[in-house]
Amino acid sequence: MAYTKLFCFMLVAVLLASVSVARKRNATHIQFYMHDTPTGPNPSAVRVAGQPINATDSNMGAMFGFGSIYIMDNALTATPDINSTLIGRAQGLYAMSSQENEVSLLMTLTYNFVSGVYNGSSVSVVGRNPVMDEVREMPVVGGTGVFRLARGFALAKTHSMNLVDAIVGYNVTIIPYY
């Protein structure tokens with residue numbers, strides 16, 4: 001009987017130790033800049049749905065009003081300079097999701113890394129992005145390659161904006177699955 005209790009105690013101790021070790025996974029921190037350009041001759045984000053736009057209307061409200069949906073393929077660079085090292089592409093969509101006095105997007109995007117140690121891997125983010133807040137947090141819901149089944153969060157902060165074209169800095173913390 002005493003050996004059974006000792007065995008059970010040891011088993012529980014080993015299981016608890018393995019759970020604590022599993023919780024001490026090393027997080028990966030990545031910083032980059034996304035270049036979102038829905039205007040100009042070669043836009044990286046294109047409006048695919050929304051209310052009709054009056055071509056003579058100078059009000060950008062219709063273009064970026066509630067229900068507008070954009071598909072994007074934005075460059076991810078190491079610094080805010082578009083000519084700095086290309087580390088990946090942000091591909092996905094965003095929709096204008098607020099009817100109130102704020103600009104809020106629903107973002108569904110994947111950061112596809114094309115260079116460096118993360119080349120061929122990706123991280124997926126889905127969440128609300130209240131664009132006018134100084135810092136926005138969105139959840140990392142998965143990934144591929146070295147980030148397979150990852151979780152974590154992405155902090156976005158607008159670096160610069162020219163009407164609607166923006167350079168957004170991202171700090172992403174990724175916690176591996178294993």
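In the predicted model, residues 24 or more positions apart account for 46% of the contacts with a separation of 6 or more in the protein chain. Of the 178 residues in the protein chain, 34% are buried. The chain exposes about 10,800 Å², and 61% of this area is supplied by carbon and sulfur atoms.

The largest pocket has a volume of about 460 Å³. Its lining consists of 27 residues, among which Met96, Val103, Leu105, Val131 and Met161 are the closest to the pocket centre. Two or more lining residues are contributed by each of strand 1 (28-36), strand 4 (86-96), strand 5 (104-113), strand 8 (151-162) and strand 9 (165-175). Classified by residue type, the lining of the largest pocket contains 17 nonpolar residues, together with six polar and four charged residues.

Confidence in the model was also examined. The mean pLDDT of the protein chain is 86, with 79% of the residues reaching 70 or more. Over residues 18-22, by contrast, pLDDT stays under 50. For this segment, residues 18-22, the model has zero contacts beyond four places in sequence. Where pLDDT is low, predicted coordinates should not be read in detail. The placement of residues 18-22, where pLDDT remains under 50, falls under this caution.

Methods. Residues numbered from 1 in each chain as written. Predicted model: local features only at pLDDT ≥ 70, side-chain atom pairs only at ≥ 80, totals over all residues. Heavy atoms only, no water. 1 Å grid on protein atoms, 1.4 Å probe; cavity = no way out; pocket = protein on both sides within 12 Å on 5 of 7 lines; lining within 4 Å. Points joined across faces, edges and corners; volume = space filled by probe spheres on them. Helix = DSSP H or I, 4+ residues; strand = E, 2+ residues; numbered from the N terminus. Nonpolar A, V, L, I, M, F, W, Y, C, P; charged D, E, K, R; others polar. pLDDT = per-residue confidence, 0-100. Contact = heavy atoms within 4.5 Å. Buried < 20%, exposed > 50% of the residue type's maximum accessible area, 1.4 Å probe, protein only. Areas by Shrake-Rupley, 256 points an atom, 1.4 Å probe, with all protein chains shown as cover.
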